[in-house]
Amino acid sequence: MHAKHLILAAACALPCTAVAQTATFVPVADTTLYESSGEESNGLGEWLFAGRTAQPGTPRRRALLRFDLSSIPADAVVESVSLRMTMSRTITSDVPVGLYRAIGSWGEGTSNAGGQEGTGAPATPGDATWSRRVYPATPWTSPGGDAAATASATAVVGAMTGPYTWASTAALVADVQGWIATPASNAGWLLRVDETAPAPNAKRFNSRQNATAASVPQLTVTYVAGGVGPPEPGPAGIPALGPAGLALLALSMALAGLAATRWFRRGASRRLR
């Protein structure tokens, strides 16, 4: 076979390279759980709270947020996930704030705390509260919200107001990948400050209803559609080639073989003259 025919055959054998896509989402629901009496919420408020307050007894605040990922194809392979939130008020400096995968559905009602929103408002039907996932009838298994035992990602949030990012981790990717595969399991994340840190340590973040649209929570997901993920790693010390690399390797070996055949044929032709 002529060399140009080999090149054409190898090129035809190469699969189309899947291109990674990036999508950005804002929450479809978010709210704050207030420990004070266990029956306050802030479904329509502009802010979310996490941490211990300066009120007597330093009651805790935790936030919930959920994203609709239905626009991502079900066969997509997630490559990275990050969350950006804007912290707009605090009474403490550096404190770790974790994202914990929430377990079980929860609601966002019409409660609206008003003012600085730090004490919440009486829950309305459908709200999530400290004691109930859906007010007034459905309780959490554990007051304060059911969630995974370990954080999927953690960011240190300081005294300076502005945006903070929870960078991509294997656990964040696994959370989103699982929600794409099983949408009914998507309960979003519980936002929780390290509650063992000295109190008060509360942080206030802008919610999806915040008047400054650019400052609302933003989830960024990079994925490859069609179920085409990165090549599997090869044995230790041997780089993984992937389908395209293997095709190119086959091409180079075929060309090398063709060159060797021609060299031997030329040598034999010279000897016969």
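## A buried aspartate

At 1% relative accessibility, Asp-30 counts as buried. Buried means under 20% relative accessible area, exposed means over 50%, and partly exposed lies in between (1.4 Å probe, protein chains only). Arg-208 is partly exposed, at 31%.

The side chains of Asp-30 and Arg-208 form a salt bridge, 3.9 Å from N to O. This pair links distant parts of the chain, 178 residues apart. Asp-30 sits in strand S2 (residues 29-34). Arg-208 sits in the loop between strand S14 (203-206) and strand S15 (218-224).

## Basis of the model

This is a predicted model: local features need pLDDT of at least 70, side-chain atom pairs count only at pLDDT 80 or more, and totals for chains, interfaces and linings use all residues. Residues are numbered from 1 along each chain as its sequence is written, and side-chain values use heavy atoms, leaving out hydrogens and water.

A salt bridge here is a side-chain nitrogen of Lys or Arg within 4 Å of a carboxyl oxygen of Asp or Glu. Strands (E, at least two residues) are DSSP runs, numbered from the N terminus. The structure holds 8 salt bridges.

## A network around Arg-60

Glu-35, Arg-60, Arg-62 and Glu-195 are linked in a network of salt bridges. Glu-35 meets Arg-60 at 2.7 Å, N to O. Glu-35 lies in the loop between S2 and strand S3 (40-41), and Arg-60 in strand S5 (residues 60-66), so the pair ties together parts 25 residues apart in sequence. Glu-35 is partly exposed, at 24%.

Arg-60 also bridges to Glu-195, with the closest N and O atoms 3.3 Å apart. Glu-195 lies in the loop between strand S13 (189-193) and S14, 135 residues from Arg-60. At 15% relative accessibility, Glu-195 is buried.

Definitions and conventions: Helices (H or I, at least four residues) and strands (E, at least two) are DSSP runs, numbered from the N terminus.
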